[in-house]
Amino acid sequence: MKEMFDLRGKVAIITGCNTGLGQGMALALAEAGADIVGINRSNPTETALLIEKTGRKFHSVIADMSKMETTDLVIKEAVSAFGKVDILVNNAGIIRRNDAIDFTEKDWDEVMDVNLKTLFFMSQTFAKQVMKQGSAGNIINIASMLSYQGGIRVPSYTSSKSGVLGLTKALANEWAQHGINVNAIAPGYMETNNTQALRADENRSSEILGRIPAGRWGTPSDMAGPIVFLASEASRYVHGYTIAVDGGWLAR
Ligand code: NAP
């Protein structure tokens, strides 16, 4: 059974892994045996150290995930470092908060570009490489509770993450036949930079905490089991599904 979760010999690309959930998932994939290609805007020094401690290799690519041309660069760098790619985790994401009535085009475009447009073209470029290799592949997109709910003052974020849920199904429908599993994880309310503003707002913070059946905010290490499952043979017949890792939030 343990072999089904074994990622030794696999190469995993993860976008935005210098901090937060991306760092937690990169570490989990390395602990399961994968070598990691990390895509970040700044040097992911801490993540590199953590991964090297597991005995796996870490290749850093400095690139901006809001730019389309990054997708080709990432695959070329990964293939030149490790010879192939097996796993893609589309984690990089941003949020902008403002009342819908005042929301600007800039805040709309910036969020949609990173969270949805580049995620799609990154997946497309990865899938072309996997098909060229003639191997299997796993894509895991990072969705959100706002893939299911409307949220407040985050219209572009909700639109992008609702799009991620739909796109995960759409890509699975086309690529399952090529041996590529496309799935997603929808994290609940997790302690990272992304939720700093929410946690700093006493009212919102206690409202949120009071609704989480598990009675606590999630942490990057809560992503470890689900990401390894979706990146491994253990999820071979799982396609187009979004797993909520939310302490029971959606069950309420
Ligand atoms: P985070 O700490 O803000 O991490 C976001 C990551 O994305 C960072 O590594 C960030 O890099 C990277 N990133 C953003 N824009 C980028 C760009 N243009 N190019 C390259 N990298 C970029 O937040 P997080 O909570 O770990 O978020 C990870 C993912 O989980 C996101 O997709 C987020 O929407 C999703 N999520 C989070 C929660 C939560 O409660 N925390 C809940 C649901 C979904 P920099 O450090 O350079 O900005």
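A crossing of two helices is called left-handed if the near helix is turned anticlockwise from the far one by less than a right angle, and right-handed if it is turned clockwise. Keep that in mind as we look at this predicted model, in which local features need pLDDT of at least 70, side-chain atom pairs count only at pLDDT 80 or more, and totals for chains, interfaces and linings use all residues. Residues are numbered from 1 along each chain as its sequence is written, and side-chain values use heavy atoms, leaving out hydrogens and water.

Let us start with helices H3 and H4. Helices (H or I, at least four residues) and strands (E, at least two) are DSSP runs, numbered from the N terminus. Two packed helices are described by the angle between their axes and the distance between the axes. The axes of H3 (residues 70-82) and H4 (residues 105-133) come within 9 Å and cross at roughly 40 degrees. H3 is therefore oblique to H4; angles under 35 degrees count as roughly parallel, over 145 as roughly antiparallel, 65 to 115 as roughly perpendicular and the rest as oblique. The axes are lines fitted to C-alpha atoms, for helices over the stretch in contact, with angles from 0 to 180 degrees between N-to-C directions. H3 passes H4 in a right-handed crossing.

Which residues of H3 and H4 meet? Thr-71, Asp-72, Val-74, Ile-75 and Val-79 in H3 touch Thr-118, Phe-121, Met-122, Thr-125, Phe-126 and Gln-129 in H4, where contact means heavy atoms within 4.5 Å.

Stay with H3 for a moment, because Thr-70, also found in this helix, counts as buried at 5% relative accessibility. Buried means under 20% relative accessible area, exposed over 50%, and partly exposed in between (1.4 Å probe, protein chains only). A polar atom of the Thr-70 side chain lies 2.6 Å from the backbone oxygen of Asp-64. Leaving aside neighbours within four places in sequence, Thr-70 is in contact with Ala-63, Asp-64 and Met-65.

Now compare another pair. H1 (20-31) and H2 (residues 45-53) pack at about 20 degrees, with their axes 9 Å apart. That makes H1 roughly parallel to H2. Gln-23, Ala-26, Leu-27 and Ala-30 of H1 make the contact with Glu-46, Thr-47, Leu-50 and Ile-51 of H2.

Finally, look at H8 (residues 224-231), where Pro-226, Ile-227, Val-228, Leu-230 and Ala-231 are buried. The buried residues of H8 pack against H1 and several strands, including E4 (87-90) and E5 (137-142).

How values were computed
A polar contact is a pair of N or O atoms within 3.5 Å; within protein, one must be able to donate a hydrogen and the other to accept it, and residues adjacent in sequence count only if both atoms are side-chain atoms.
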